Amino acid sequence: MTTYTIGFVGLGNMGAPMAANLAAAGYTVLGFDVAGTTAKGVTSVATAEAACEGADFVITMLPNGTILRRVADQLIPAMKTGATLVDCSTVDVQSARDVDAQATAAGAGFVDAPVSGGIGGAAGGTLTFMAGGSDTAFASALPLFDIMGQKAVHCGGAGAGQAAKICNNMILGATMLATCEAFGLADKLGLDRQKMFDVVSTSSGYSWSMNAYCPAPGVGPQSPADNGYAPGFAAELMLKDLGLSQQAAEAVDADTPMGALALALYQQFVEHEDGKGQDFSAMLPRFAARGRQAP
Ligand code: NAD
């Protein structure tokens, strides 16, 4: 194995275990987070720039595109020639493309590589990476994806990873809502939830939301519903991703009415009801407790 030095900026819920896995694999990892967090095996440094010192790769795992742009302004001038910036955050497509242009102009490589798999996947090294960037930049980052994850798909040029991520999560948000409202209807029709699962999970209404992450407690495989709807994948993270999908749809004039409605429903749930801090599948008890609303 070639031993690389890796800078890691953003050691939060996802970044800390990802950085720890790289360190456990034998890489030298220089970590920085404004909150002062660190991770096992990682050498803490005092600034984002210091994380670039001698680094072959700099990985970012940050909350959003605005912060990514700010951090990229610090990192890119400090990176050594030929180093590659790998952004694993979920951000808007335009931020990914702009940071790519900035990195390219400075002679650095760039890959946008958002992930799926959540905190469990980050800790277990089983994330899926969906990546955008040049063939060379993607190929160079593959050994790192292999350590932090189980699969990496090269989706296209810069921004393609973010595009794949938001399209996937727009489908996920809409299918989870459809699954939850159908359980609410089934309840009111007197249909047993287990029977509903038995039929739908093997019929044309099946989906990941029903089959792998069933929102009904005690039905289907273990899921956050069996743990009082503790996340899992928090409703506010789904809200963020749906917001990114609608921002992108607006930018390219795409008609996404289901995505727009999913955004409105999660916005209502998180910002005006009790959805914050609950799993995104907690839409089931929400629908079940309500009567018919005006269309
Ligand atoms: P988090 O809030 O736990 O971590 C983000 C970290 O970035 C924090 O520790 C924060 O202090 C740090 N940070 C903020 N500004 C900084 C700056 N200027 N310099 C250095 N550090 C800075 O969030 P998370 O759950 O780890 O998620 C990170 C990213 O991964 C997000 O974009 C999120 O959408 C995405 N994501 C999260 C999950 C999940 O299940 N948590 C799943 C898939 C993707």
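Me: What makes Gln 150 count as exposed?

Reply: This is a predicted model. Gln 150 has 60% relative accessibility. Exposed means over 50%. So Gln 150 counts as exposed.

Me: Where is Gln 150, and what is it in contact with?

Reply: Gln 150 is in strand E9, residues 149-156. Leaving aside neighbours within four places in sequence, Gln 150 is in contact with Gly 125, Thr 126 and Leu 127. The side chain of Gln 150 also reaches the backbone oxygen of Thr 126, at 3.5 Å.

Me: Why is Thr 84 called buried?

Reply: Its relative accessible area is 6%. Buried means under 20%. Therefore Thr 84 is buried.

Me: Which residues does Thr 84 touch?

Reply: Thr 84 sits in strand E5, residues 84-87. Not counting residues up to four places away in sequence, Thr 84 touches Asp 56, Phe 57, Val 58, Met 79, Gly 109, Phe 110, Val 111 and Ser 140.

Me: How many disulfides are there?

Reply: The count is 0. Take Cys 52: the nearest cysteine sulfur, in Cys 88, is 15 Å away. A disulfide needs two cysteine sulfur atoms within 2.5 Å, so Cys 52 is in none.

Me: Cys 52 and Cys 155: what are they called, buried, partly exposed or exposed, and why?

Reply: Cys 52 has 1% relative accessibility, under 20%, so it counts as buried. Cys 155 has a relative accessible area of 34%. That lies between 20% and 50%, so Cys 155 is partly exposed.

Key:
Residues are numbered from 1 along each chain as its sequence is written. This is a predicted model: local features need pLDDT of at least 70, side-chain atom pairs count only at pLDDT 80 or more; totals for chains, interfaces and linings use all residues. Side-chain values use heavy atoms; hydrogens and water are left out. Buried means under 20% relative accessible area, exposed over 50%, partly exposed in between (1.4 Å probe, protein chains only). Helices (H or I, at least four residues) and strands (E, at least two) are DSSP runs, numbered from the N terminus. Contact means heavy atoms within 4.5 Å. A polar contact is a pair of N or O atoms within 3.5 Å; within protein, one must be able to donate a hydrogen and the other to accept it, and residues adjacent in sequence count only if both atoms are side-chain atoms.
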